[in-house]
Amino acid sequence: MTVRGGRTAMAAVADSPAAAAAAEDREPQRKAVPGLESQRRQIENGENGRGHPLRAGESWFLVEQHWYKQWEVYVQGGDQDPSTFPGCINNAELFEDQVNWRLKKGLVEGEDYVLLPAAAWHYLVNWYGLEHGQPPIERKVVELSNIQKVEVYPVELLLIQHSDMDTAHTAQFSRTDSVGSQEDLECAPSPSTDLVLRTAQEQFLVSPQEETRLWIKNAEGSFERLCNTRVTVLDAALKTGQVVIMETRNKDGTWPSAQLPAMSSASEEDEDFQGQPGICGLTNLGNTCFMNSALQCLSNVPQLTNYFLKNCYLEELNFCNPLGMKGEIAEAYADLVKQAWSGHHRSIVPHVFKTKVGHFASQFLGYQQHDSQELLSFLLDGLHEDLNRVKKKEYVELCDAAGRPDQEVAQEAWQNHKRRNDSVIVDTFHGLFKSTVVCPDCGNVSVTFDPFCYLSVPLPMTHKRVMEVFFVSMDPRRKPEQHRLVVPKKGKISDLCVALAKHTGVSPERMMVADVFSHRFYKIYQLEESLSSILDRDDIFIYEVSGRAAIGENSREDVVLPIYLRERTPARDYNNSYYGLMLFGHPLLVSVPRDRLSWDALYHILLYRLSRYVTRPSSDDEDDGDEKADLEDKDNLPKAGHVAGGSSQDPGPEQAGPSSGVAGGSRAPVDNSPGPSHWPQRARRKHLFTLQTVNSNGTSDRSTFNEDTHGVSFSCEPGLGRREGGVLGSRAHDHLPSPPAQPYIAIDWEPEMKKRYYDEVEAEGYVKHDCVGYVLKKAPVRLQECIELFTTTETLEKENPWYCPNCKQHQLATKKLDLWMLPETLIIHLKRFSYTKFSREKLDTLVEFPIRDLDFSKFVIKPQNESAPELYKYDLIAVSNHYGGLRDGHYTTFACNKDSGQWHYFDDNSVSPVTENQIESKAAYVLFYQRQDVARRLQPQPSLSDPPASPAFGTPANSEFMDVN
């Protein structure tokens, strides 16, 4: 059947003979029939005859070709021959049937029919009449690709309602008809009211006030959203026979087609639920708490939420903005808002929104943790571009003040901004900065005014830093000590040693600082290096070493040897190659006398340094090992890379004396301590391990060392390693070669010997110094201080210089930002995350911010209206919180409901009421403030139950906090 809705735009074939009779009633009353020649001239050549030009929107009529030819013969005869009289106009040959009066397919003009303008048609009907019951075949002239043509075959669509997919209704539409409402049509070539959406609403008795959307069924059988309804049928690529489904939004804000099967049971449970609108949680999809927090904050901005709830966004969706997301982000956000504020959900699953965000912003793909402020920035920008009222952005040149008054320059800048950016986001969140840049050389001053969407304010930084280190004493009986040291944040390595010296009593000159990673030295630091190169996650060891000159008459220089521990792995032992050796334990820095160092002496020095967790063999063990030691002697004696099994020269007192590191420290054993020089000497001794020269990565590399049988001779300068810092290895797989002269020694253990004599539990043991319990207390700061820091003059960094037009070069100019105009809703981002070249940290400083009466009058430099102080005072409406550190954390939200005025705590899908004294905490990250005049406009009658006002700006609030973790 043919639907009657909107037939004035393009009259379809009439539904019944009654319609035909009604059409005839509209014709002019029959007049006297003119002569045949006069008839011919009026129809063929008259102003309103067949030669009438085509004009878009005018009606033309189809006349069956055979009847028209008969009429031509009749009028051309001129004698009114009854045998040639054509009779009533009869178009029966043009119809498929005489029930629906549908035109036959494939009719050709000039062969099957002729086209007559409306006036000529009415003349013929008036003179000859129309076959009883037949409808007139009226068609409209349309303009397609700048060509005027009569649309003989309109587009015939099958309209279906989503709730009844089995019943289809046929309706015909011109290709120039709009899909949506007429006022939505952006470029309507002709006035038309036969509209697809309106026709569907009338057919299915759906009120225009209800929100609907259209789907089309494509050739593959799948359904696609018809997002942009402000296009014509032609632009939407709708074709005859295509199925169009109309879907109506549910009362709970959801769309029937968007409900996943897994959600069906939950939907049934919540079907009768009725709660406070806006008090609705968001399910965590996997590390999406950052997204939930940002959405809850934005959802509780009253004017933005009202904008979506009242469907104002439908009239402003911008589908052609190349900077936007084709309206998809705005529609996805609108769906969330409508569901959350329907009052029919305890919590909702933002799966569709998450998918849309990941589609348009690849950084949010997957389920990694992100920053709520970063998502908020993307979302505000996306909503702005999707709802931008400016369809075609013009080029706007930025102009400097050039000495003009600030008022004039600011007004020009704001107007230029609005010429390209005009949306509800601009109306609600955008303000204006004044930026003043001064060249340090020529003094040139540049003043510009720039829009902003939020304030990112810095937190006052402490000048101290707490670092955790492990102190390794030269006394082997002492376990490593863990210390927590307070040092200058911009200090040097020497400051770290000085701080440790206060706890240990060891002189800073007897300390070496190293970064240990994966059982090797990643770096040994020089005293003048900056502490900023050490990250909080680095494992820093500080080793006590001997002084450059020993106490006594026989003074001599020492060398500090890096010592690695390795275990041989039999399964991968390929001719003693490093592939069969695995590093383990903590490396050491050992001071040894340079002038009398031999492999045998080094063995005993190291055995003494390891004596806390390495057991000396007993007499029986040594006897059992004599035979094996003899065999080792034959293999190892010629090789300086391993300790000899027996030596004709035992290390004397000078070789294992104080300067060797055995008894040189202030806390080292006294002369009667069991040092190597006092151990019983045997002709044959079983060695627990062998020694090998290696490179900085702990792999065998002897090419850089000079070897001999009895001594260890390194091609390096005296004292090398004592204070010569540098990169020794790499944390990644890109092993850096060691400096050619850097000596490294590896202690290689056989698995059986290590298991028998090496105590791993004792080796890994350490003690905590009393200072480990120290916590650097941070005094709370006021939000006022953060804003003052934001407006403080700063010098630009080297990475971001300013180009001076006078000097014609980049300069490290000074820059100052001032607040000129503030928005209705002010977003303040507290910059808690600090990133530098070497470090990343989160500042957990407590920022005291007021709930009410945040006064910006002292910060806004624009001339103020003293009669309206509420234009500069703000009340808090939402807070995004971040708990935890940099690598992991959790986001939540405090928000004030716009209807009830009650504060709630949103933790993913959990929502609970809170009091105002629970809102302020160290976790506060992004603050949302609403201007007081806007609040009064939206809620002219404040509730009597509102709590009393909090102290004015800058006054500390109640210190009672809620433990939301």
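Is Cys-439 buried or exposed in this structure, and what is its relative accessible area? Cys-439 is buried, with a relative accessible area of 2%, where buried denotes under 20% relative accessible area, exposed over 50% and partly exposed the range in between, as computed with a 1.4 Å probe on protein chains only. The model is predicted, so that local features require pLDDT of at least 70 and side-chain atom pairs count only at pLDDT 80 or more, whereas totals for chains, interfaces and linings use all residues. Residues are numbered from 1 along each chain as its sequence is written, and side-chain values use heavy atoms, with hydrogens and water left out.

With a disulfide taken as a pair of cysteine sulfur atoms within 2.5 Å, the count comes to zero. Cys-439 accordingly is in no disulfide, the nearest cysteine sulfur, that of Cys-442, being 3.6 Å away. Cys-289 is likewise buried, at a relative accessible area of 3%.

Aromatic rings of Phe, Tyr and Trp (its six-membered ring) were paired if their centres lie within 6.5 Å, with planes under 30 degrees apart counted as stacked, over 60 as edge-to-face and the rest as tilted; the structure holds 31 such pairs. One of them, formed by Phe-541 and Tyr-543, is stacked, at 6.2 Å centre to centre and 20 degrees between the planes. Phe-541 is buried at 7% relative accessible area, and Tyr-543 is buried at 1%.
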